[in-house]
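Visitor: I'm new here, and I'd like to ask how you know the things you say about a model like this. Could you show it to me before we start?

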Amino acid sequence: MAKSDVIYICQECGASQSQWGGRCGSCGEWNSIVEELTTGSPPKGLSKKRGRKINFVELKGTEETYPRMLSKIAEFDRVCGGGLVPGSAILVGGDPGIGKSTILLQVCVALSFAKDARCVYISGEESIDQVRMRAKRLGLSDANVELASATSVRDIITSLNDNNSPTVVVVDSIQTLYVDNLDSAPGTVTQVRTSAQELISLAKRRGFALFLVGHVTKEGNIAGPKVLEHMVDCVLYFEGERGHQFRILRAVKNRFGSADEIGVFEMTDIGLSQVENPSALFIADRENGVSGASVFAGIEGSRPMLVEIQALTAPTAFGTPRRAVIGWDSNRLSMVLAVLEARCGVSISGHDIYLNVAGGLRITEPAADLAVAAALVSSLTDVPVPQEMVVFGEIGLSGEVRRVSQSGARLKEAEKLGFNGAMTPKAHLGSSPKKKEISSSLNVIRIKHLEQLLNYMRIEGEKKLPKNEITN
Ligand code: TYD
Ligand code: MG
């Protein structure tokens, strides 16, 4: 018997240590170390035994093309990089109640209509009746999907490892599974890692696509060791603001397609339905001629998308002004505010600021800087940004507006949705001199420095003045 069978494992990064501590020595996380039991002695180094020689091949050979399985839910197929690859493992993470089980059941049913497809849905969280009830609600109860409620990895593997192996397997969720020769509780790092490893290697051997549902921690990362994300081929996050019906499926890692691709869905009373033209939807409820709003022409993955950015500024009642941001990075907001104040002399420090990206979308692009600045200036001066104008551009610390990628696609999307103007960085060519000027029928206002935005808004304000005087 080994001297000690107890090890202490950080639940954040998976590092193990021999003693308990309040803080992980590897990742620095507090209170993440949990006692776990191990069986057997720790692995030793390689023995003297010789291995088999591996064959090296040339890089330029022909590669195998993967046949893709299409669910015909276009938004989902796009996020997966154009359909599912047999033998791949996909980890789907998201907040509780966001709709992970719902979308995977819908996808499973959609895939089961393909010829010779055998789709299996294994739930460790819900009973068979609960899954049936959901399927009934979604109007999918007559689909050819096999259900099971199981949590033992050994049982699952025994059931799937036969000649009639399935084409798609959904496991909801990886945190409920356990491997019976480990003593630690389900959901701990060792259990999650081992369960995933066993299932992924079976998926590769048998060639089925494996979906693993993963819980997220309160910081929004998938619970369990980071290695879980390294082990799988695709990591998808299902996100959305509570209270909004929009849900966004975002690929953050994809070995078979581009990462950062998103699919937009709407949660309805009969499940998730895909949104084919998200731009039209995100800007649908705009009000006419209101100050403090601008339309940002962004790029999500390979797709241009227009969203409305709203800002509200109000004189602060307290010593420290409030900064509340929904859907954007608060550090970036601080930077834009600092640039407006220091480089353009706009006085903001006495104002509370609320910034919101309408529709519950989360923007990560720096290209939104100029749109945020426009919304802020518009709110401060009470001058609306022209209704039919989109804005994009990155702001540098000296107040310069920098070029961003894919200007052409952004302008084209704006044109398609009936906009007639755009505020863009001055140089919106590519860096190579060979690239042509992007032609557009929009009335493009080029901004080199943030000052120009302020001047533009000043002129817009003066234009409005006579009308205001009449109404007063
Ligand atoms: P669920 O898929 O169970 O979430 P997760 O697996 O991510 O925890 O989704 C549950 C939520 O979705 C619940 O709050 C109710 C809502 N919902 C609908 O609004 N319409 C529907 O048709 C279904 C099935 C669920
Ligand atoms: Mg669920």
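Visitor: What volume does the largest pocket have?

Guide: About 460 Å³. Keep in mind that this is a predicted model.

Visitor: What makes a residue part of that pocket's lining?

Guide: A lining residue has an atom within 4 Å of a pocket point. Here 29 residues line the largest pocket, and V290, S291, G292, A293 and E308 lie nearest its centre. By kind, the lining residues divide into 13 nonpolar, nine polar and seven charged.

Visitor: Which element gives the most to that lining?

Guide: That's β14, with five residues. Among the other elements that supply at least two residues each are β13 and α11.

Visitor: Why is R250 called buried?

Guide: The cut-off for buried is under 20% relative accessible area. R250 has 7% relative accessibility, so R250 counts as buried. You'll find R250 in strand β10, residues 246–254.

Visitor: How do you know that the side chains of R250 and E239 make a polar contact?

Guide: A polar contact needs a pair of N or O atoms within 3.5 Å, one able to donate a hydrogen and the other to accept it. The contact between these two side chains is 3.1 Å, so it falls within that limit. A polar atom of the R250 side chain also lies 3.3 Å from the backbone oxygen of R362.

Visitor: Why do you say that the buried residues of α10 line one face of the helix?

Guide: First, the buried residues of α10 are S407, R410, L411, E413 and A414. Looking down the axis of α10, you see them fall within an arc of 160°, so they line one face. K412 and K416 are exposed on the other side of α10. The cover over the buried residues includes α7, β13, β14, β17 and β20.

Visitor: Why is D382 called exposed?

Guide: Exposed means over 50% relative accessible area. D382 has 56%, so the word applies. This residue sits in the loop between α9 and β17, and D382 has a positive phi of about 60° although it is not a glycine.

Visitor: And why is Q406 partly exposed?

Guide: Partly exposed is the range between the buried limit of 20% and the exposed limit of 50%. Q406 has 41% relative accessibility, so Q406 counts as partly exposed. Q406 is in the loop between β19 and α10, and its phi is also positive, near 55°.

How values were computed
Residues are numbered from 1 along each chain as its sequence is written. Chains are lettered from A and ligands numbered from 1 in the order in which they are written. This is a predicted model: local features need pLDDT of at least 70, side-chain atom pairs count only at pLDDT 80 or more; totals for chains, interfaces and linings use all residues. Side-chain values use heavy atoms; hydrogens and water are left out. On a 1 Å grid over the protein atoms alone, a cavity is a set of points where a 1.4 Å probe fits but cannot get out, and a pocket is an open set with protein on both sides within 12 Å along at least five of seven lines; lining residues have an atom within 4 Å of a point. Grid points are joined across faces, edges and corners, and a volume is the space filled by probe spheres set on the points. Helices (H or I, at least four residues) and strands (E, at least two) are DSSP runs, numbered from the N terminus. Ala, Val, Leu, Ile, Met, Phe, Trp, Tyr, Cys and Pro count as nonpolar, Asp, Glu, Lys and Arg as charged, and the others, Gly among them, as polar. Buried means under 20% relative accessible area, exposed over 50%, partly exposed in between (1.4 Å probe, protein chains only). The arc is that of the directions from the helix axis to the C-beta atoms. Contact means heavy atoms within 4.5 Å.
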